[in-house]
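Dear colleague,

Please find below the structure that I am handing over to you.

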Amino acid sequence: MLRQVALDTVRQCGTEARAALEEEPDAFSGLSRYMHDSIDLRIGAVMPVLADRIPMDEELLAARRDSREAVDALVEAAHLEGSLRPDITSGDIGLLIIRLTPPLPGAMAPEDNHRLSHRHLELLLDGLLRFVSTEELPGPAISVDQLTRIPPGPGPGYAGMTAELRSKERGRCRPR
(Lines give C-alpha, C1' and ligand atoms only; values in the text may rest on other atoms or scores of the structure.)
Protein backbone atom coordinates (compact mmCIF):
# COMPACT_ATOMS: atom_id res chain seq x y z
CA MET A 1 0.00 0.00 0.00
CA LEU A 2 2.88 2.43 0.78
CA ARG A 3 4.38 1.72 -2.63
CA GLN A 4 1.08 2.59 -4.32
CA VAL A 5 0.82 5.86 -2.36
CA ALA A 6 4.35 6.79 -3.47
CA LEU A 7 3.64 5.82 -7.08
CA ASP A 8 0.36 7.77 -7.19
CA THR A 9 1.97 10.83 -5.57
CA VAL A 10 4.92 10.91 -7.98
CA ARG A 11 2.67 10.38 -11.00
CA GLN A 12 0.28 13.12 -9.86
CA CYS A 13 3.21 15.47 -9.37
CA GLY A 14 4.32 14.96 -12.98
CA THR A 15 0.76 15.38 -14.23
CA GLU A 16 0.42 18.64 -12.30
CA ALA A 17 3.71 20.01 -13.67
CA ARG A 18 2.73 19.24 -17.28
CA ALA A 19 -0.77 20.70 -16.83
CA ALA A 20 0.60 23.86 -15.22
CA LEU A 21 3.03 24.43 -18.10
CA GLU A 22 0.33 23.85 -20.74
CA GLU A 23 -2.54 25.74 -19.10
CA GLU A 24 -0.99 28.81 -17.48
CA PRO A 25 -0.38 32.02 -19.46
CA ASP A 26 3.37 32.03 -18.70
CA ALA A 27 5.95 29.64 -17.32
CA PHE A 28 6.42 31.41 -13.99
CA SER A 29 2.67 31.25 -13.33
CA GLY A 30 2.90 27.57 -14.22
CA LEU A 31 5.76 27.07 -11.80
CA SER A 32 3.83 28.87 -9.05
CA ARG A 33 0.77 26.74 -9.72
CA TYR A 34 2.84 23.56 -9.72
CA MET A 35 4.42 24.44 -6.38
CA HIS A 36 1.02 25.21 -4.82
CA ASP A 37 -0.37 21.96 -6.26
CA SER A 38 2.60 20.07 -4.79
CA ILE A 39 1.83 21.51 -1.36
CA ASP A 40 -1.77 20.37 -1.78
CA LEU A 41 -0.52 16.89 -2.74
CA ARG A 42 1.72 17.01 0.35
CA ILE A 43 4.49 15.46 -1.70
CA GLY A 44 7.12 17.09 0.50
CA ALA A 45 5.65 15.41 3.58
CA VAL A 46 4.81 12.06 1.99
CA MET A 47 7.81 11.18 -0.16
CA PRO A 48 10.63 11.80 2.35
CA VAL A 49 8.84 9.44 4.78
CA LEU A 50 8.17 6.78 2.16
CA ALA A 51 11.52 6.97 0.39
CA ASP A 52 13.34 4.84 2.93
CA ARG A 53 10.43 2.43 3.45
CA ILE A 54 9.80 1.20 -0.09
CA PRO A 55 12.22 -0.34 -2.55
CA MET A 56 12.60 1.46 -5.86
CA ASP A 57 11.45 -0.73 -8.72
CA GLU A 58 11.28 -0.01 -12.45
CA GLU A 59 7.74 1.39 -12.29
CA LEU A 60 8.61 3.83 -9.50
CA LEU A 61 11.84 4.85 -11.19
CA ALA A 62 9.99 5.48 -14.47
CA ALA A 63 7.34 7.57 -12.69
CA ARG A 64 10.03 9.56 -10.89
CA ARG A 65 11.91 10.12 -14.16
CA ASP A 66 8.69 11.25 -15.89
CA SER A 67 7.89 13.63 -13.04
CA ARG A 68 11.43 15.00 -12.99
CA GLU A 69 11.31 15.64 -16.75
CA ALA A 70 8.02 17.52 -16.37
CA VAL A 71 9.41 19.72 -13.59
CA ASP A 72 12.65 20.26 -15.54
CA ALA A 73 10.58 21.43 -18.53
CA LEU A 74 8.68 23.86 -16.33
CA VAL A 75 11.86 25.31 -14.82
CA GLU A 76 13.56 25.50 -18.23
CA ALA A 77 10.55 27.33 -19.70
CA ALA A 78 10.64 29.87 -16.86
CA HIS A 79 14.37 30.35 -17.46
CA LEU A 80 13.82 30.81 -21.21
CA GLU A 81 11.11 33.43 -20.70
CA GLY A 82 13.44 35.22 -18.29
CA SER A 83 11.07 35.17 -15.32
CA LEU A 84 12.97 32.72 -13.11
CA ARG A 85 16.36 33.51 -11.68
CA PRO A 86 18.91 31.65 -13.82
CA ASP A 87 20.58 30.10 -10.77
CA ILE A 88 17.42 28.28 -9.61
CA THR A 89 17.36 24.55 -10.41
CA SER A 90 14.65 21.90 -10.38
CA GLY A 91 16.36 20.49 -7.31
CA ASP A 92 15.93 23.86 -5.59
CA ILE A 93 12.21 23.74 -6.39
CA GLY A 94 11.91 20.21 -4.99
CA LEU A 95 13.71 21.11 -1.79
CA LEU A 96 11.58 24.22 -1.31
CA ILE A 97 8.44 22.13 -1.58
CA ILE A 98 9.83 19.61 0.91
CA ARG A 99 10.71 22.39 3.34
CA LEU A 100 7.29 24.05 3.08
CA THR A 101 5.10 20.97 3.41
CA PRO A 102 5.74 19.29 6.78
CA PRO A 103 3.54 20.39 9.67
CA LEU A 104 4.99 22.94 12.05
CA PRO A 105 5.61 21.73 15.60
CA GLY A 106 3.01 22.54 18.21
CA ALA A 107 -0.73 22.40 18.50
CA MET A 108 -1.56 24.19 15.25
CA ALA A 109 -4.60 22.91 13.40
CA PRO A 110 -3.64 21.05 10.21
CA GLU A 111 -5.74 23.37 8.01
CA ASP A 112 -3.99 26.44 9.51
CA ASN A 113 -0.61 24.84 8.88
CA HIS A 114 -1.65 24.11 5.29
CA ARG A 115 -2.75 27.71 4.72
CA LEU A 116 0.56 28.95 6.16
CA SER A 117 2.44 26.70 3.74
CA HIS A 118 0.71 28.45 0.85
CA ARG A 119 1.33 31.88 2.38
CA HIS A 120 5.02 31.14 2.86
CA LEU A 121 5.25 29.81 -0.68
CA GLU A 122 3.95 33.14 -1.98
CA LEU A 123 6.63 34.94 0.04
CA LEU A 124 9.22 32.62 -1.41
CA LEU A 125 7.99 32.97 -4.99
CA ASP A 126 8.79 36.67 -4.88
CA GLY A 127 12.41 35.71 -4.25
CA LEU A 128 12.51 33.37 -7.24
CA LEU A 129 11.64 36.09 -9.72
CA ARG A 130 14.55 37.13 -11.85
CA PHE A 131 13.99 40.88 -11.69
CA VAL A 132 13.99 41.07 -7.88
CA SER A 133 17.71 40.38 -7.49
CA THR A 134 20.76 40.24 -9.70
CA GLU A 135 23.12 38.80 -7.08
CA GLU A 136 24.04 35.14 -7.28
CA LEU A 137 22.58 32.93 -4.59
CA PRO A 138 24.89 31.61 -1.87
CA GLY A 139 25.32 27.88 -1.39
CA PRO A 140 25.54 25.12 -3.96
CA ALA A 141 22.97 24.59 -6.70
CA ILE A 142 21.52 21.11 -6.45
CA SER A 143 20.08 19.02 -9.26
CA VAL A 144 17.07 16.74 -8.88
CA ASP A 145 19.40 13.76 -9.37
CA GLN A 146 21.55 14.91 -6.46
CA LEU A 147 18.43 15.53 -4.39
CA THR A 148 17.24 11.95 -4.91
CA ARG A 149 20.66 10.58 -3.87
CA ILE A 150 20.60 12.29 -0.47
CA PRO A 151 19.89 9.63 2.16
CA PRO A 152 16.86 10.26 4.40
CA GLY A 153 19.01 11.11 7.44
CA PRO A 154 22.56 11.28 8.70
CA GLY A 155 24.35 8.02 8.13
CA PRO A 156 26.45 6.27 5.48
CA GLY A 157 26.51 8.34 2.34
CA TYR A 158 25.31 11.52 4.03
CA ALA A 159 28.82 12.88 4.58
CA GLY A 160 29.77 12.06 0.97
CA MET A 161 26.76 13.95 -0.39
CA THR A 162 27.50 16.89 1.88
CA ALA A 163 31.11 16.95 0.66
CA GLU A 164 29.92 16.82 -2.97
CA LEU A 165 27.63 19.81 -2.41
CA ARG A 166 30.37 21.74 -0.60
CA SER A 167 32.77 21.13 -3.48
CA LYS A 168 30.17 22.52 -5.92
CA GLU A 169 29.99 25.66 -3.83
CA ARG A 170 33.68 26.50 -4.13
CA GLY A 171 34.17 29.52 -6.34
CA ARG A 172 30.59 30.76 -6.00
CA CYS A 173 29.71 34.17 -4.58
CA ARG A 174 29.53 34.30 -0.83
CA PRO A 175 26.97 36.36 1.07
CA ARG A 176 28.32 39.71 2.22
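The notes below go from the overall fold to the core, then to one pair of helices, and finally to some individual residues.

**Overall fold**

Please bear in mind that this is a predicted model. The protein contains eight helices and zero strands. Its pattern, read along the sequence, is accordingly α-α-α-α-α-α-α-α. The protein has 176 residues, of which 36% count as buried.

**The nonpolar core**

In soluble globular proteins, nonpolar side chains tend to be buried together. In this model the largest nonpolar core consists of 31 residues. Leu-31, Tyr-34, Met-35, Leu-84 and Ile-93 are the residues with the most contacts inside this core. Two or more core residues come from each of the elements α1 (2-23), α2 (27-41), α3 (43-51), α4 (58-81), α5 (90-100) and α6 (110-128). Which of these elements gives the most to the core? It is α4, with seven residues.

**How α2 meets α4**

Two packed helices are described by the angle between their axes and the distance between the axes. For α2 and α4, the angle is about 145 degrees and the axes are 8 Å apart. The crossing in which α2 passes α4 is left-handed. On the α2 side, the residues in contact are Ala-27, Phe-28, Gly-30, Leu-31 and Tyr-34. On the α4 side, they are Val-71, Leu-74, Val-75, Ala-77, Ala-78 and Glu-81. The residues of this contact divide into nine nonpolar, one polar and one charged.

His-36 is placed in helix α2. Is His-36 buried or exposed? Its relative accessibility is 16%, and the cut-off for buried is under 20%, so His-36 counts as buried. Apart from its neighbours within four places in sequence, His-36 is in contact with His-118, Leu-121, Glu-122 and Leu-125.

Arg-85 is found in the loop between α4 and α5. Arg-85 counts as buried because its relative accessibility is 4%. The side chain of Arg-85 is joined to that of Asp-87 by a polar contact of 3.1 Å.

**A loop residue with positive phi**

Arg-42 belongs to the loop between α2 and α3. Its phi is near 60 degrees, which is a positive value in a residue other than glycine. Arg-42 counts as partly exposed, with a relative accessibility of 38%.

Gln-4 lies in helix α1 and is partly exposed, with a relative accessible area of 38%. Gln-4 and Leu-60 are separated by 56 residues in sequence, while their C-alpha atoms are 9.2 Å apart in space. The second pair is Leu-61 and Leu-7, which are 54 residues apart in sequence and 9.2 Å apart in space, C-alpha to C-alpha. Leu-61 is located in helix α4 and counts as partly exposed at 25% relative accessibility.

Yours sincerely,
A colleague

Definitions and conventions
Residues numbered from 1 in each chain as written. Predicted model: local features only at pLDDT ≥ 70, side-chain atom pairs only at ≥ 80, totals over all residues. Heavy atoms only, no water. Core = buried A, V, L, I, M, F, W, Y, C linked by side-chain atoms within 4.5 Å. Buried < 20%, exposed > 50% of the residue type's maximum accessible area, 1.4 Å probe, protein only. Helix = DSSP H or I, 4+ residues; strand = E, 2+ residues; numbered from the N terminus. Axes fitted to C-alpha atoms, helices over the stretch in contact; angles between N-to-C directions. Left-handed = near helix turned anticlockwise from the far one by under 90°. Contact = heavy atoms within 4.5 Å. Nonpolar A, V, L, I, M, F, W, Y, C, P; charged D, E, K, R; others polar. Polar contact = N/O pair within 3.5 Å; in protein donor to acceptor, adjacent residues only side chain to side chain.
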